[in-house]
Each structure stands twice: as structure tokens, then as C-alpha cells.
Amino acid sequence: MTHYLLSIYQPDGDGTPPPPEFLEPIMRDVEALKAELREAGAWVFSGGLHAPSTATVVRVKHNEMLTTDGPYIEGKEHIGGFTVIQAPDLDAALEWGRKLARATTLPIEVRPLQHGSCG
């Protein structure tokens, strides 16, 4: 089995969550999908991320450690969360990605982990 990262891309905004009447059905669908992933033995772990403004970038330049506030790359969208799954092949991983896109109503990037596992 290969491990895949399902990255959830969401639009940048002012940080205000959508109203409950919009968000509650989405969260219900996401929880149902997580249960389906667990039942299928495909779920490894997942997590939501705070806003990009909470990020800190660490890098080495001229042998000095530099840290800067904010995201490494600014754009109109950012990774808002992720799920790591295990699947027998890319087609199976893409099917889980489709289900997550349907549940979240957001774009999902499906990418295999190098060497196929989390270890």
C-alpha cells in the first residue's frame, strides 16, 4: 500500500468562518467520509491548519538561521488541511480525493509520499 497526501485548498479570506447553515452540512459530510476511510482501513491521519498568517518560515542563508512571519508563498489559496491515506494505487487514491472534494466543495491535491509510506 502506498500513502497519499490529500491536500485541501481553500481561498484566502478574512479568517471569518462561513455561517453555520453553510458549514454544518460540509462538516457532516467530511465526518462521514472520515468514518468511511476508517472502515475501509485507508485513513492514516488528518488535520486542519490555522490561517497562513500563523505560519513561521525557517531557512538557512549564508550559514545563518533566518525566521520570518507568515507563509512561505502568498497566494489566493492556501492549504487549509490535509488527510494522509493508504491506497493500493493512484486510481484508488484519486477516488478518495474525489469523495473529499465532494464533501468539502474545495479543490483536493492528491500526491503520493516518497517511498510510499509514512515511516
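Modeller: One cut-off first: a residue is called buried under 20% relative accessible area, exposed over 50%, and partly exposed in between. Please also keep in mind that this is a predicted model.

Biologist: In what order do the elements of the protein run from the N terminus on?

Modeller: The protein has two helices and six strands. Taken from the N terminus on, these elements follow the order β-α-β-β-β-β-α-β.

Biologist: Among contacts between residues at least 6 apart in sequence, what percentage join residues at least 24 apart?

Modeller: A contact here means heavy atoms within 4.5 Å. Among the contacts in the protein between residues at least 6 apart in sequence, those that join residues at least 24 apart make up 76%.

Biologist: Which residues is His-78 in contact with, leaving aside its neighbours within four places in sequence?

Modeller: His-78 is found in strand β5, and with a relative accessibility of 13%, which is under 20%, His-78 counts as buried. Once the neighbours within four places in sequence are left aside, the residues in contact with His-78 are Ile-8, Tyr-9, Gln-10, Pro-11, Asp-12 and Pro-52.

Biologist: How many aromatic pairs does a search of the whole structure find, and of what kind?

Modeller: The search of the whole structure finds one aromatic pair. Its members are Phe-45 and Phe-82, whose ring centres are 6.0 Å apart and whose planes stand at 85°; because an angle over 60 degrees is the criterion, the pair is edge-to-face.

Biologist: How many residues apart in sequence are the parts that this pair ties together?

Modeller: Phe-45 belongs to strand β2 (residues 43-48) and Phe-82 to strand β5 (residues 77-87). Both are partly exposed, since Phe-45 has a relative accessible area of 37% and Phe-82 one of 23%. Given their places in the two strands, the pair ties together parts whose separation in sequence is 37 residues.

Biologist: What value of phi does Asn-63 have, although it is not a glycine?

Modeller: Asn-63 is found in the loop between β3 (56-61) and β4 (64-69), and with a relative accessible area of 77% Asn-63 is exposed. Although Asn-63 is not a glycine, its phi is positive, at about 65°.

Biologist: Where does Thr-105 lie?

Modeller: Thr-105 is not a glycine either, yet has a positive phi of about 65°. At 53% relative accessibility Thr-105 counts as exposed, and its place is the loop between α2 (90-104) and β6 (108-112).

Biologist: What distance separates the C-alpha atoms of Arg-28 and Glu-77?

Modeller: Arg-28 lies in helix α1 (residues 20-40) and is exposed, with a relative accessible area of 55%. Arg-28 and Glu-77 are 49 residues apart along the chain, and the separation of their C-alpha atoms is 23 Å.

Technical notes:
Residues numbered from 1 in each chain as written. Predicted model: local features only at pLDDT ≥ 70, side-chain atom pairs only at ≥ 80, totals over all residues. Heavy atoms only, no water. Helix = DSSP H or I, 4+ residues; strand = E, 2+ residues; numbered from the N terminus. Buried < 20%, exposed > 50% of the residue type's maximum accessible area, 1.4 Å probe, protein only. Phe/Tyr/Trp six-rings, centres within 6.5 Å; stacked < 30°, edge-to-face > 60°.
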